[in-house]
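Trainee: Can we go through this one together? I'd like to start with the charged residues.

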Amino acid sequence: MSNYLGIKKQKIKTPVCGLNGLKQNIKWKLKTIISNDDSSFAEPVDFLIVDKITEFTPSLCLDISNVEIPQFLTLADKSFFEANEVHTLISADIFFKVLKQNTYKVNEELFFKESEFGWITCGKLKERQSDKQGQCFLLNNDSIQDTLKLFFDLEGLGIRDDPVLHERDQAMEIFNETVEFENGRYIVQLPFRKSYNELPNNYPLAKQRFQNLWRKFGHDSELYQQYREIIRDYTEQGIIEEVKTEITDNELNRPVYYLPHQAVRKEGRLTSKTRIVFDAGSHQNNELSLNYCLWPGINLNPNLLGVLINFRLNAVAFCSDIKQAFLQICLANEHKDAVRFLWSDDEPSAHKKPKLQVYRFNRVNFGVSSSPFLLAATIRHHIEKYKQEFPGIVELLDRSFYVDDLISGGNEFEEALQTS
């Protein structure tokens, strides 16, 4: 938040205690003024800067389907029922200056309290799920034990804990409710945690990034030719399609977002030396990115260390991978406009200002934060269908598949050949 505001920070060294006496050393602070929309309230405040105040608050989305909120109440936070980040935490002396006397009671458990910033929601609401997670503030502990734990976690090679230990996950629920199989491909939706109306119009940002790329093409014709071949190949395979509709972005009742993109070269590779990387995390100041609006999903991959150990136990090994794994999965029609990007068929050497064309993805894109989850969930969903018929093979795939790679083997050549 301090980076978004662009306010000059001051270097300090202040220990802050949280629950159970845990301490965190604060290294930066900033001075600013908080005020409401009409500037009728303004108060100078010193903010201490930390990387993260707490987890999402509330921890899960709350059910407001049976709550009637009067239209005359101007809410301080219109999305109070959604699981969101906490950006600032004010002290008690400031809080009671902000708070006013008026109270509006909805029922025995829910009421609204008037403040300088609008009406604040207070009380209790039912969660949409039964999972509960306690929240506390400033629980980070810069102790030697935490440093050692982090070191051994990294040495353990696992991305996260075993997925069977996780409780219900919002992205998994959306996947299970919406996954379809049609014409030989799975169709999935992006697991949005924000309303599509909150996605900003980032077309100007994407246009600026493409113009920078276009100037680079003007000095590197080989890069442009490689880039163009990839775009043509994607189009021929049906991975992407050009958007030719006359409907404006604002008229579409669906999420619209433009992915900036750039080339990544790996000169040492024999094939695919140039790869196009799409940036779903780009955003302008004080605006949301596509990645921010999506649930990333839990990690469904097995522990990498376990995969490698099981692989080394085999006398004869085999390995394989899924070609263009992410691009094998179709994206639902209602979410294709959330993964648009800009391109031009003009020649960079002849056109300094190209005629822009809008394309969109028909398949799952690697650059989106939820894509690794969608790939893993789709693979697991597919192989689970054969659990009754081939229980041994399903178990093998569960413990030997990592992202899109399969590594396994057998004690004898014939055994490995038959399994593969």
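**Charged pairs and a few other spots**

Mentor: Start with Arg232, which has a relative accessible area of 42% and is therefore partly exposed. Keep in mind that this is a predicted model.

Trainee: OK. Which residue forms a salt bridge with Arg232?

Mentor: That is Glu229, and the closest N and O atoms of the two are 3.9 Å apart. Glu229 is partly exposed too, because its relative accessibility is 46%, between the 20% and 50% cut-offs.

Trainee: Where do Glu229 and Arg232 lie?

Mentor: Both are in helix α6, which covers residues 221-237. They are three residues apart, about one turn of the helix.

Trainee: Why would two such side chains pair at all?

Mentor: Opposite charges can pair when the charged atoms come close.

Trainee: And how many salt bridges are there in the whole structure?

Mentor: A search finds 15. Another one joins the side chains of Arg254 and Asp337, at 3.2 Å from N to O.

Trainee: Which parts does that pair tie together?

Mentor: Arg254 is in the loop between β9 (240-242) and β10 (261-265), and Asp337 is in the loop between β13 (330-331) and β14 (340-343), so the pair ties together parts that are 83 residues apart in sequence.

Trainee: Is Asp337 buried or exposed?

Mentor: Buried, because its relative accessible area is 2%, under the 20% cut-off. Arg254 is partly exposed, at 27%.

Trainee: With which other residue does Asp337 form a salt bridge?

Mentor: Arg340, with the closest N and O atoms 2.8 Å apart. Arg340 is buried, like Asp337. Salt bridges with shared partners link Asp337 and Arg340 with Glu241, Arg254 and Arg360 in one network.

Trainee: New topic. Where does Ser371 lie?

Mentor: In helix α8, residues 371-384. Ser371 counts as buried because its relative accessibility is 1%.

Trainee: What is Ser371 in contact with, leaving aside its neighbours within four places in sequence?

Mentor: Phe326, Val364, Asn365 and Phe366.

Trainee: Last one, the surface. Which residues form a nonpolar patch there?

Mentor: Ile90, Phe95 and Phe96 do, and together they have about 280 Å² of accessible area. Ile90 is in the loop between β3 (42-49) and α2 (92-98).

Trainee: How does Ile90 count by accessibility?

Mentor: As partly exposed, because its relative accessibility is 32%. A patch residue needs over 30%, so Ile90 passes that cut-off.

Note on methods: Residues numbered from 1 in each chain as written. Predicted model: local features only at pLDDT ≥ 70, side-chain atom pairs only at ≥ 80, totals over all residues. Heavy atoms only, no water. Salt bridge = Lys/Arg side-chain N within 4 Å of Asp/Glu carboxyl O. Helix = DSSP H or I, 4+ residues; strand = E, 2+ residues; numbered from the N terminus. Buried < 20%, exposed > 50% of the residue type's maximum accessible area, 1.4 Å probe, protein only. Contact = heavy atoms within 4.5 Å. Patch = residues over 30% accessible without salt bridge, like charges linked within 9 Å, V, L, I, M, F, W, Y side chains within 5 Å. Areas by Shrake-Rupley, 256 points an atom, 1.4 Å probe, with all protein chains shown as cover.
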